[in-house]
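Hi everyone, thanks for coming along. Let me put the structure up on the screen, and then we'll walk through a few spots together.

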Amino acid sequence: MTGTQWLPLALARDIAPGTSAGTTAEGAEIVVWRDADGRAHAWEDRCPHRGMKMSFGFVRGDHIACLYHGWEFDTGGTCRKIPAHPELEVPGSICVPRYGCTETGAMIWAALPLGAETGELPALPDAVPVRSITIEAGLISVANMLLNEENAVIEGALATLDSRHGPLAIGVQPIRPGAVVLHITTRPGASAETLLAICDWAETLRRTVEKEIAA
């Protein structure tokens, strides 16, 4: 990847307020978390103290705490509390690197690489999340399979297409060479039957791509 790119990290509904989850994008380990007010954040998934994954920790209001020694960081990524030294005025230089983060189209997005100048990600239409699915195949193979669908267009990390179950908007997250996560959404108002049919379509897509790679 060259330059700055917005990549989807999760379906918005899958990160509830007060929770966190670890993911990978372009080989970078990232923690996605929501504070108690529901704001989404995307950080490097590593505590600056001992390197423990922040995604193993706990969200406490507008702070996230490392599991190992309980160091707490505010939404700006700055350490605010070290439990072993409650009287210490924590140096402002102790920080977790943050990614630009936004939420649109029922997905949470991050701007990679770290420290990139982040242009605004255009707002996407309202959508209903369907599911996220991991495909053990390279980005080109997955993109080519998506482009076989009717009216398929891929712009950046977003694919739009017309499936036989209705229009889909799919966030494409390359997690590492040879593996991609698709975050699948559809238009509001889709019935439960349609959502299940889209899940079946996604499973068929995954099996077809992985079979071709294995052949």
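This is a predicted model: local features need pLDDT of at least 70, side-chain atom pairs count only at pLDDT 80 or more; totals for chains, interfaces and linings use all residues.

Trp 33 belongs to strand S3, residues 28-34, while Trp 43 belongs to strand S4, residues 40-44, so the pair ties together parts that are 10 residues apart in sequence. Are these two buried or exposed? Both Trp 33 and Trp 43 are buried.

Now please find the helices. H1 covers residues 139-147 and H2 covers residues 192-214, and their axes come within 10 Å of each other, crossing at roughly 130°. That angle makes H1 oblique to H2. As for handedness, the crossing of H1 and H2 is right-handed.

Who meets whom there? From H1 we have Ser 141, Val 142, Met 145 and Leu 146, and they meet Trp 201, Leu 205, Thr 208, Val 209, Glu 212 and Ile 213 of H2. Sorted by class, this contact of H1 with H2 has 7 nonpolar, 2 polar and 1 charged residues.

One last stop: Arg 60, which is found in strand S5, residues 58-60. Arg 60 is partly exposed, and its relative accessible area is 45%. If we leave aside neighbours within four places in sequence, Arg 60 is in contact with Ala 65 and Glu 72. Arg 176, by comparison, is 116 residues from Arg 60 in sequence and 31 Å away in space, C-alpha to C-alpha.

Terms used:
Residues are numbered from 1 along each chain as its sequence is written. Side-chain values use heavy atoms; hydrogens and water are left out. Axes are lines fitted to C-alpha atoms, for helices over the stretch in contact, and angles run from 0 to 180 degrees between N-to-C directions. Helices (H or I, at least four residues) and strands (E, at least two) are DSSP runs, numbered from the N terminus. Angles under 35 degrees count as roughly parallel, over 145 as roughly antiparallel, 65 to 115 as roughly perpendicular and the rest as oblique. A crossing is left-handed if the near helix is turned anticlockwise from the far one by less than a right angle, and right-handed if clockwise. Contact means heavy atoms within 4.5 Å. Ala, Val, Leu, Ile, Met, Phe, Trp, Tyr, Cys and Pro count as nonpolar, Asp, Glu, Lys and Arg as charged, and the others, Gly among them, as polar. Buried means under 20% relative accessible area, exposed over 50%, partly exposed in between (1.4 Å probe, protein chains only).
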